[in-house]
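Colleague: I am new to this one. Could you take me through how to read a few of its features?

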Amino acid sequence: MSELKQIKFNEKGLIPAISQDFKTGEVLMLAWMNQESLRLTIKKQQAVYYSRSRQKIWFKGEESGHVQHIKEIFTDCDNDVILLKIEQVGGISCHTGRMSCFFQQLDKKNWKIITNMIKNPRDIYE
């Protein structure tokens, strides 16, 4: 795929990928992609990541049903970060049952949770 030629994967063959709600602009999560997952994302217009812990391709929503439909794909000025503008199915992108993985905010010296769970993860993954 010629569209992958300019992408700069790191020494492990990975690139960080940020997902952002295409309507609100809210940053939902950061995950990693390898060449195959980026190729599949482009082809299927659905977010596909690479799980570093499981060492395998991961179709977002394959277990939870919380699929990310691609609206637009960007790369940054150095071609070493991917930005996916997506439509989040079910309103949950985080494995904790929240819309965004970025739900903890530093308040002086303490981290506080600023958003509620939409659905208990036990109800999603069991």
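Modeller: Start with how elements are named: strands are DSSP runs of E with at least two residues, numbered from the N terminus. By that numbering, Gln 55 lies in the loop between β3 and β4. Keep in mind that the model is predicted.

Colleague: How many residues lie between β3 and β4 in their hairpin?

Modeller: Four residues separate β3 and β4 in the hairpin. The two strands, residues 48–51 and residues 56–59, run antiparallel and are joined by four bridges. One of the pairs is Tyr 50 with Ile 57 in β4.

Colleague: Which way do the residues of strand β3 point?

Modeller: In a regular strand, side chains alternate between the two faces of the sheet. In β3, Val 48 and Tyr 50 point one way, while Tyr 49 and Ser 51 point the other way. All four are buried.

Colleague: Is Gln 55 buried or exposed?

Modeller: Exposed means over 50% relative accessible area, so Gln 55 counts as exposed at 57%. Gln 45, at 35%, is partly exposed.

Colleague: Which residues make the nonpolar surface patch?

Modeller: Val 27, Leu 30 and Phe 102 make a patch of about 270 Å². Val 27 belongs to strand β2, residues 27–33. Patch residues need over 30% relative accessible area, and Val 27 has 36%, which makes it partly exposed.

Conventions: Residues are numbered from 1 along each chain as its sequence is written. This is a predicted model: local features need pLDDT of at least 70, side-chain atom pairs count only at pLDDT 80 or more; totals for chains, interfaces and linings use all residues. Side-chain values use heavy atoms; hydrogens and water are left out. Buried means under 20% relative accessible area, exposed over 50%, partly exposed in between (1.4 Å probe, protein chains only). Two strands pair if DSSP finds at least two bridges between them. Patches are made of residues with over 30% relative accessible area and no salt bridge: like charges are joined within 9 Å, nonpolar side chains (Val, Leu, Ile, Met, Phe, Trp, Tyr) within 5 Å. Accessible areas come from the Shrake-Rupley method with a 1.4 Å probe; for residues, only the protein chains shown count as cover. A salt bridge is a side-chain nitrogen of Lys or Arg within 4 Å of a carboxyl oxygen of Asp or Glu.
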